[in-house]
Amino acid sequence: MNRKIYLAVAMFAALAASFVMIADAEESDAATCNVTIYQPSGGDIMKDGQNIPWSGGSYTYSVTQNTQITLTAYPPSGYQVDEWSVLLIEQFRYQYYSSNPLTLTITESIEVRLSLDYVSYTVSFPTSPSGLASISSISVHNGTTYSSSYRTLTFSDGQTVTAPS
């Protein structure tokens with residue numbers, strides 16, 4: 001009788017140990033995704049409110065599948081976020097976003113790139129409607145002069161627009 005109890009306990013222990021090992025291996029393989037973020041040519045990006053430790057122009061880290069991350073771009077003066085391009089590695093498909101900050105739910109490994117664009121302003125002026133003075137020209141700080149035949153001009157942030165008095 002002791003022999004039967006001993007065999008039943010030994011079989012149970014081996015079975016339990018095998019089950020735990022298989023379950024652990026499956027969870028760790030299926031639940032990890034790599035996120036690679038490429039450093040922008042200017043400014044910076046923060047991940048979940050933390051500075052990114054750039055290494056060679058990019059940063060790669062692992063997250064558990066279905067983890068939500070938030071990336072916030074800090075463009076240099078005179079620039080704004082044009083778009084984030086996110087490459088879904090397994091699908092080899094790009095998704096594009098223009099929001100800043102950008103919140104993503106990571107369902108597979110991804111690569112993220114940020115495109116920046118100049119901040120621009122539009123200046124509109126009359127070409128001489130009755131009762132208003134005519135503007136003969138305006139100049140931008142880089143020396144470019146535009147004549148009054150243009151009704152709308154677009155300038156980049158930081159450019160100074162002056163009209164002659």
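This is a predicted model: local features need pLDDT of at least 70, side-chain atom pairs count only at pLDDT 80 or more; totals for chains, interfaces and linings use all residues.
View 1. Strands here are DSSP E runs of at least two residues, numbered from the N terminus, and two of them pair if DSSP finds at least two bridges between them. S6 (residues 79–88) and S7 (residues 93–97) run antiparallel over 5 bridges. Between them sit 4 residues, and phenylalanine 92 in the turn has a positive phi of about 45 degrees.

**View 2. The open sheet.** Here 4 strands line up as S3-S2-S5-S8 with antiparallel pairing. S3 (50–51) and S8 (102–106) are the edge strands with a single partner each, so one side of each lacks a neighbour in the sheet. Further in, isoleucine 45 has alanine 73 of S5 as its bridge partner.

**View 3. Stacked tyrosines.** Rings of Phe, Tyr and Trp (its six-membered ring) pair with centres within 6.5 Å, and planes under 30 degrees apart count as stacked; that gives 3 aromatic pairs. Tyrosine 79 and tyrosine 118 are stacked, with centres 5.1 Å apart and planes at 25 degrees. The two are 39 residues apart, in S6 and S9 (residues 110–118) respectively. Tyrosine 94 and tyrosine 96 stack too, at 6.0 Å and 15 degrees.

**View 4. Charges over rings.** The cut-offs: NZ of Lys or CZ of Arg within 6 Å of the ring centre and within 35 degrees of the ring normal. Lysine 47 has its charged end over tyrosine 61, 4.4 Å from the ring centre. Arginine 113 sits over tyrosine 38 at 3.9 Å. Numbering starts from 1 along each chain as its sequence is written, and side-chain values use heavy atoms, leaving out hydrogens and water.

Note on methods. Rings of Phe, Tyr and Trp (its six-membered ring) pair if their centres lie within 6.5 Å; planes under 30 degrees apart count as stacked, over 60 as edge-to-face and the rest as tilted.
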